[in-house]
Amino acid sequence: MAAPTKAVVGPLVGAVVQGTYSSSFLVFNSKTAELLSHHQVELTQEFPKEGWVEQDPKEILQSVYECIEKTCEKLNELHIDIANIKAIGISNQRETTIIWDKLTGEPLYNAVVWLDLRTQSTVENLSRKIPGNNNFVKSKTGLPLSTYFSAVKLRWILDNVGDVQKAVEEGRALFGTIDSWLIWNLTGGVNEGVHCTDVTNASRTMLFNIHSLEWDKELCDFFEIPMNILPNVGSSSEIYGLMKAGALESVPISGCLGDQSAALVGQMCFQEGQAKNTYGTGCFLLCNTGRKCVFSEHGLLTTVAYKLGRDKPAFYALEGSVAIAGAVIRWLKDNLGIIKTSEEIEKLAKEAGTSYGCYFIPAFSGLYAPYWDPSARGIICGLTQFTNKRHIAFAALEAVCFQTREILDAMNRDCGIPLSHLQVDGKMTNNKILMQLQADILHIPVIKPSMPETTALGAAMAAGAAEGVGIWSLKPEDLSAVLMERIEPQIKATEIEIRYSTWKKAVMKSMGWVTTQCPKSFDSAIFSSLPLGFYIVSSMMLLIGARYISGVP
């Protein structure tokens with residue numbers, strides 16, 4: 001029996017999406033933007049100490065290889081010829097920091113994840129070195145000094161990991177965010193792998209000047225980071241190198257974007273003033289500010305949105321970053337056991353219909369925008385004997401929406417023109433209760449694409465549009481129309497404002513929870529330094545005095 005002929009579907013583009021909790025590989029038709037097949041692999045996280053979050057770089061890399069191979073197998077089963085895959089784009093969790101040995105290819109330490117809090121004392125020490133009237137770090141990077149960004153994680157590793165210190169001294173160490181680690185390995189690794197990153201990922205390291213679009217010597221000197229370990233910086237859309245192994249050997253890797261920038265591109269927010277909100281592990285609202293840097297006065301970040309070609313201009317964005325969104329659902333599942341699957345929370349929340357006065361502040365990694373308070377911690381308040389797991393589930397979803405409201409309010413104040421609707425994406429947008437809550441809490445419609453994998457789509461678009469590939473047109477007239485669902489607000493604004501006000505009150509309760517200095521208290525160390533004879537004599541005197549007062553002969 002003759003083998004079935006392969007279906008001809010036009011040039012295809014693959015996209016690696018490497019996230020905090022999973023890796024996936026998706027393949028799109030470059031002419032229609034149709035998703036043809038995909039595969040996803042869940043990842044483990046390690047928590048060696050309270051506040052520490054790590055991942056195994058080799059597990060991350062292996063998961064990407066597995067996703068690529070499994071997706072290609074699925075395409076073959078669909079009789080789609082994988083030879084039609086002409087380019088690959090990469091999108092990744094940002095800020096997560098890896099250092100590896102360029103001679104052996106082995107990681108020198110676990111990946112320190114963006115959520116990690118171990119660098120708080122490092123941040124405090126560094127902040128004392130910044131002149132009060134010249135915050136050159138923020139003016140050059142657009143970022144506040146925070147545990148969130150790569151430079152302080154890298155500084156901690158250099159200070160605390162002997163193997164890394166030795167490798168740096170011997171010229172063997174390479175640093176990179178997840179994209180750099182993947183591209184270096186996929187393009188050959190120890191055999192001339194390409195050590196590079198793109199402007200969107202570089203702009204999240206706190207070592208990159210977002211105006212000159214290059215590594216900044218003053219910043220590297222401030223953080224005491226050797227510049228020879230940093231990757232070369234390219235645009236978000238160019239051929240970085242070719243795949244050196246596997247089913248897609250020799251296919252160019254030609255797109256690279258941090259996950260939130262990829263989602264902005266995937267939502268086609270190419271015009272100044274267009275914004276999107278992605279609901280993933282965290283929650284990230286980005287607004288395109290065009291070719292100019294806009295600095296926030298209300299706690300938002302200034303970041304590079306994308307640069308779609310070597311000779312193309314860089315576009316910038318204001319960003320509101322929320323650390324914990326989907327992660328709170330995972331916490332309810334893995335830590336409390338309230339739900340068995342992430343999807344179950346929608347059922348519980350629907351049964352409750354309200355939080356019944358319960359408020360959940362999921363400040364597991366402190367508070368990000370607009371507060372930037374690393375000392376905050378998560379709280380659940382407003383509990384009564386009536387409160388049950390359904391109300392907590394509802395409060396968790398409400399927390400995601402209230403956090404989005406806070407960063408949207410900040411963005412409206414910075415931009416001066418309130419958003420008339422909010423474009424959303426990410427897997428959490430499949431939760432209908434969440435999306436209706438979001439529209440109600442914002443008082444504006446929420447616009448949801450029928451295909452929520454816009455992060456992957458953005459990476460694929462950048463890869464397909466790269467010079468030398470040229471199979472995906474980014475001209476407005478050529479972009480495929482995307483089916484959208486519109487969710488309208490249904491609750492009166494006055495009711496929402498009362499709940500929002502109470503939410504903000506709860507946020508204040510969560511702040512300043514952790515102090516780095518020990519509280520003043522009875523210090524036994526003072527007394528331990530006194531001679532033993534003093535204790536014996538004083539004890540005898542107390543005993544004699546007590547007997548005298550009580551009249552005991």
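**Exercise 1. Determine how helix α9 and helix α14 are oriented towards each other, and which residues make their contact.**

Solution. Begin with the geometry of this predicted model: the axes of helix α9 (residues 259–266) and helix α14 (residues 454–464) come within 7 Å and cross at roughly 80°. Here axes are lines fitted to C-alpha atoms, for helices over the stretch in contact, and angles run from 0 to 180 degrees between N-to-C directions, while helices (H or I, at least four residues) and strands (E, at least two) are DSSP runs numbered from the N terminus. Then turn to the residues in contact, meaning heavy atoms within 4.5 Å: α9 contributes Asp259, Ala262, Ala263, Val265 and Gly266, and α14 contributes Thr454, Thr455, Leu457, Gly458, Ala459 and Met461. Finally, sort these residues by class, which gives 6 nonpolar, 4 polar and 1 charged; Ala, Val, Leu, Ile, Met, Phe, Trp, Tyr, Cys and Pro count as nonpolar, Asp, Glu, Lys and Arg as charged, and the others, Gly among them, as polar.

Residues are numbered from 1 along each chain as its sequence is written, and side-chain values use heavy atoms, with hydrogens and water left out. Because the model is predicted, local features need pLDDT of at least 70 and side-chain atom pairs count only at pLDDT 80 or more, whereas totals for chains, interfaces and linings use all residues.

**Exercise 2. Work out which strands stand at the edges of the open sheet of 6 strands.**

Solution. First write down the order, which is β3-β2-β1-β5-β14-β13, with mixed pairing; two strands pair if DSSP finds at least two bridges between them. The edges are held by β3 (35–42) and β13 (237–242), each with a single partner strand, so one side of each has no neighbour in the sheet. Within the sheet, β5 (residues 85–92) and β14 (residues 252–258) pair in the parallel sense over 5 bridges, and Ser91 stands opposite Leu257 in β14. Lastly, helix α6 (residues 178–186) lies across β1, β5, β13 and β14, running at about 145° to β5.

**Exercise 3. Classify the aromatic pair of Phe149 and Trp372 and explain what it ties together.**

Solution. Rings of Phe, Tyr and Trp (its six-membered ring) pair if their centres lie within 6.5 Å, and planes under 30 degrees apart count as stacked, over 60 as edge-to-face and the rest as tilted. For Phe149 and Trp372 the centres are 6.4 Å apart with 35° between the planes, a tilted pair. Phe149 lies in the loop between α3 and α4 and Trp372 in the loop between β19 and β20, so the pair ties together parts 223 residues apart in sequence. Phe149 has 0% relative accessibility and therefore counts as buried.

Terms used. Buried < 20%, exposed > 50% of the residue type's maximum accessible area, 1.4 Å probe, protein only.
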